[in-house]
Amino acid sequence: MPENDEKSPYGDNAEHVLVVKGLRRTFGAVRAVDDVSFTLPPGGSLGIVGESGSGKTTTARIVVGLERADEGEVHVRGRSRTARGRGRAHRLARAREVQMVFQDPLLSLDPRTGVEAALRETLRLHFPDRDHGLRIRELLDQVGLGTRAADALPRQLSGGQRQRVAIARALAVEPAVLVLDEAVAALDVSVQAQILNLLADIREQTSIGYLFITHDLGVVRCVTDDVIVMRHGAVVEAGPTAEVFAGPRHPYTRLLLESVPRPGWDPERIAVARRAL
Amino acid sequence: MNTPSDRPVLEIRGLRIDLPGTARPVLVDGHDVLALDADRLRALRTGTAAMIFQDPRAAINPLRRIGDFLTESVCLTGTTTVKAARARAVELLEAVGLDASALAKYPGQVSGGMLQRVMIAAALMGDPVLLLADEPTTALDVTTQAEVIALLGKLRERFGTGLLFVTHDLDLAAAISDRVYVMYAGRIAESGPADEVFERPRHPYTAALLASTPRMENPRGRLAAVDGQPPDLRAELTGCAFAARCALATEICDRQAPPSLPAPGRPDHKAACHHSDRLGRTAVDA
């Protein structure tokens, strides 16, 4: 894995909001995640790209705490997340550090809970002593939902509105890191553009860091500062998004970039190159 | 190439469009599918028109072997013997880059990209003249997508199959199709040769879609999103369906549905917009 040796990226954990070091995870004989390391500065945006089975989603799940790593460390704001949670307060504090937005809000939102109630539930769990009404209005406003949406059930909303609700719920606990796992993949382009612009606004207003898991390279280029390219569980290339996309070094990164449909696109040649790699 | 709201009308029920008030025939290979009875419709689905769905995991029975899935339809309709069907299945599996060993496997034992290729092979079992593909590569990553698209192109050449490809990926549509129809709220907003539609859009909706696509070539940063949402299709639409979200809309747009008119000098390129000519100018100015 390419290392950024001069900057000594893992020396000063406090400088980065998220530090991931030497993650490994195997499922049976499959090495799903193989020595993956990266860092995310406050307010930064890091893309993880790679094909299905490259380990990007497993990496994200380890960062969030939905999956356990065999080896390696995850630090958020300088605190380790590797050890098991001790007690309710500790687990809740850890959940507040990293939040996740999934691909399909219909599956990640409770179909019987209205928008306002879903937000209230999260707020009550994490901040039992605060005034929630004000914060709920603030959150809805932040994600561009009107008060009319507050009473709606997920199925009464459009796909884009539902994803706004999922983002609002993730933002409710004021996380340091937001993990977006293919969060705009299911939306059609005009709605996707609205959500991507919304995410850019939120990043400007807060110092939240994004970990963007996607296989859409156009999206990565649009919303991330840095990118890592994963293949077979390992990082094959890492660097600033603009640099990696302008001058890819690894043949797999080149293949990925060439695979994006565009005028003069030759899928046949890509298919041949893919099998050769 | 449209919002989910209008896709089902044409595509999901693609082999049988049950729209009340549809008076005109829908001809597939000369047969009016709206007039066919159940048996003949079934024969049409077996041998004339076949469909590839977006999610192979949802479309293929996980409890049956891939071989059974491939041969089931042709065997059931009695168009061929089991033995001939299996031979044909092996031939098609090889055409899509798999081999006979896949026949004995269950869907859960192969990857999503491989299973999508199985679905393509299954669609070709009855030698269809028309292949309907509804977002067949949306669930796949870009390299697998390129492979599946290359395969569809090759099969089109080899078997002479027509391809109707439904997608919301504009660049993909531009790359693989000869003609493009852009739909909005159940209506065709624009149609024409793929390169003309994408290079010189004549409908503001097409232009907006193109502007809101995150692309490798465009500058980074904010996208030109279209505000608002598609209209509620349960309500009666007067005027242009896109008027409420359109920057060019004037009073006539709310009052009168625009007819589909060809572009000057390009009879093949049609758009249903009162202000197509203004759009052409602003695009050039910008």
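A residue counts as partly exposed when the number of other C-beta atoms within 10 Å of its own falls between the limits for buried, 20 or more, and exposed, 12 or fewer. The legends below describe close-up views of a predicted model.

**Figure 1**
Because 19 other C-beta atoms lie within 10 Å, D181(A) is partly exposed. Beyond residues up to four places away in sequence, D181(A) touches T57(A), A60(A), M100(A), F102(A), Q103(A) and I213(A). T214(A) is also labelled: 33 residues separate D181(A) and T214(A) in sequence, and their C-alpha atoms are 6.5 Å apart in space.

**Figure 2**
I48(A) counts as buried because it has 28 C-beta neighbours inside 10 Å, and the cut-off for a buried residue is 20 or more. With neighbours within four places in sequence left aside, the contacts of I48(A) are K56(A), T59(A), L211(A), I213(A), I228(A) and M230(A). One of these residues, I213(A), is also among the residues that D181(A) touches. For I208(A), the separation from I48(A) is 160 residues in sequence and 17 Å in space, C-alpha to C-alpha.

**Figure 3. Helices α6(A) and α7(A) within chain A.**
Two packed helices are described by the angle between their axes and the distance between the axes. Helix α6 of chain A covers residues 159–171, and helix α7 of chain A covers residues 189–205. Their axes come within 10 Å and cross at roughly 20°. α6(A) and α7(A) are therefore roughly parallel to each other, since angles under 35 degrees count as such. The crossing in which α6(A) passes α7(A) is right-handed. On the α6(A) side, the contact is made by G159(A), G160(A), Q163(A), R164(A) and L171(A); on the α7(A) side, by V191(A), Q194(A), I195(A), L198(A) and I202(A). By class, the residues of this contact are five nonpolar, four polar and one charged.

**Figure 4. The contact between chain A and chain B, seen from the elements of chain B.**
Chain B contributes 34 residues to the contact and chain A contributes 32 residues. On the side of chain B that touches chain A, two or more residues each come from α7 (142–159), α8 (170–176) and α10 (204–212) of chain B. α7(B) supplies the largest share of that side, nine residues. The residues on the chain B side comprise 16 nonpolar, 11 polar and seven charged.

**Figure 5. Helix α11(A) against helix α7(B).**
This view shows helix α11 of chain A, residues 267–276, with α7(B); the two axes come within 8 Å and cross at roughly 125°. α11(A) and α7(B) are therefore oblique to each other. α11(A) passes α7(B) in a crossing that is left-handed. The residues that make the contact are P267(A), E268(A), I270(A), A271(A) and R274(A) of α11(A), together with T143(B), A146(B), E147(B), I149(B), A150(B) and G153(B) of α7(B). Six of the residues in the contact are nonpolar, two are polar and three are charged.

**Figure 6. Helix α7(A) against helix α10(B).**
The axes of α7(A) and α10(B) approach within 8 Å, with a crossing angle of roughly 45°. That angle makes α7(A) oblique to α10(B). The crossing is left-handed. V189(A), S190(A) and A193(A) of α7(A) meet A208(B), L209(B) and S212(B) of α10(B) in the contact. The contact has four nonpolar, two polar and no charged residues. α7(A) is also the helix that α6(A) passes in a right-handed crossing.

**Figure 7. Chain B and its domains.**
Chain B has 12 helices and nine strands. The domain assignment gives domain 1 of chain B as 4–17 + 32–168 and domain 2 as 180–216 + 238–285. Taken over C-alpha atoms, the centres of domain 1 and domain 2 of chain B are separated by 33 Å. Of the 286 residues of chain B, 41% count as buried. Among the contacts in chain B with a separation of 6 or more, 60% are between residues 24 or more positions apart.

Notes. Residues are numbered from 1 along each chain as its sequence is written. Chains are lettered from A and ligands numbered from 1 in the order in which they are written. This is a predicted model: local features need pLDDT of at least 70, side-chain atom pairs count only at pLDDT 80 or more; totals for chains, interfaces and linings use all residues. Two residues are in contact if their C-beta atoms, placed from the backbone, lie within 7 Å. Helices (H or I, at least four residues) and strands (E, at least two) are DSSP runs, numbered from the N terminus. Ala, Val, Leu, Ile, Met, Phe, Trp, Tyr, Cys and Pro count as nonpolar, Asp, Glu, Lys and Arg as charged, and the others, Gly among them, as polar. Domain bounds come from an automatic or database domain assignment. Axes are lines fitted to C-alpha atoms, for helices over the stretch in contact, and angles run from 0 to 180 degrees between N-to-C directions. Angles under 35 degrees count as roughly parallel, over 145 as roughly antiparallel, 65 to 115 as roughly perpendicular and the rest as oblique. A crossing is left-handed if the near helix is turned anticlockwise from the far one by less than a right angle, and right-handed if clockwise.
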